[in-house]
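Please inspect the sequence and the structure before reading each solution.

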Amino acid sequence: MSSEVVTVHKNQKLSDVRHIICESNIQHVPVVDGKTLVGLISYTDLMKLNIVINGADERTIDAIVDQQFTIQDIMVTELIALSETDTIRQASKILAEGAFHSLPVIDKQKQLVGIVTMTDLIKYLNDQY
C-alpha cells in the first residue's frame, strides 16, 4: 500500500486533477471531503471527456476543462475500498477481476489511509521472488 497518497478535495478544479496525473506519473487520484474518501478519478476517466483542444496551450486547456466539468461530475463514487486490516490476497483477488486498477484503503471512520495499485502488487511479488 502507498500511504503517501496524493488527493484532491471534491471542490477543487478538475484541472488540478489533470495536472496531478500529468506531472506526478500516477493513474488514480482519490477525492476526499476533509479526510473522508468520497470518490476516485483515474487517467482513463479524464480521457473519456469529450474536449476539443487542438493546438490549445495549457492555460486554455485548463479553462475549457474547468468550464465544462467539475471533479464531482467525473469522479467514480461507487468504490470498492479495502480496510486497513485486509490482506494482500484480498486486494489481489479484487484487482485480478479486472474492473479496477487501484483500491483505496480506508480506516473505520472511512478516512483514506492509503491506496493499493496493480503496480504495488507487482512490486510486492517482485520483492518476494
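**Conventions and a starting point**

Strand β2 (residues 28-33) is joined to β3 by six bridges, and the two run antiparallel. The model is predicted: local features need pLDDT of at least 70, side-chain atom pairs count only at pLDDT 80 or more, and totals for chains, interfaces and linings use all residues. Residues are numbered from 1 along each chain as its sequence is written, and side-chain values use heavy atoms, with hydrogens and water left out.

**Exercise 1. Describe the sheet that contains β1, β2 and β3.**

Step 1. Helices (H or I, at least four residues) and strands (E, at least two) are DSSP runs, numbered from the N terminus. Two strands pair if DSSP finds at least two bridges between them.

Step 2. The sheet is open, its order is β1-β2-β3, and its pairing is mixed. Because β1 and β3 (36-42) each have a single partner strand, they stand at the edges, and one side of each lacks a neighbour in the sheet.

**Exercise 2. Work out the arrangement of β4, β5 and β6.**

Step 1. These three strands form an open sheet in the order β4-β5-β6, again with mixed pairing. The edges are β4 (82-83) and β6 (112-117); each has a single partner strand, so one side of each is left without a neighbour in the sheet.

Step 2. β4 and strand β5 (residues 102-106) run parallel and are joined by two bridges. Leu82 stands opposite Val105 in β5, while Ser83 has Ile106 as its bridge partner there.

Step 3. β5 and β6 run antiparallel, with five bridges between them. Ile106 stands opposite Leu112 in β6. The hairpin of β5 and β6 has five residues between the strands, and Lys110 takes a positive phi near 65° in it.

**Exercise 3. Explain why β5 is described as largely enclosed.**

Step 1. Buried means under 20% relative accessible area, exposed means over 50%, and partly exposed lies in between (1.4 Å probe, protein chains only).

Step 2. Five of the five residues of β5 are buried, so the strand is largely enclosed by the rest of the structure. Both faces are covered: Ser102, Pro104 and Ile106 are buried on one side, and Leu103 and Val105 on the other.

**Exercise 4. Relate the radius of gyration of the protein to that of a compact globule.**

Step 1. The radius of gyration is taken over C-alpha atoms, and the globule rule is 2.2 Å times the number of residues to the power 0.38.

Step 2. For 129 residues, a compact globule would have a radius of gyration near 14 Å; the protein has 16 Å, which agrees.

Step 3. The C-alpha trace spans about 45 × 35 × 25 Å along its principal axes. Of the 129 residues, 35% count as buried.
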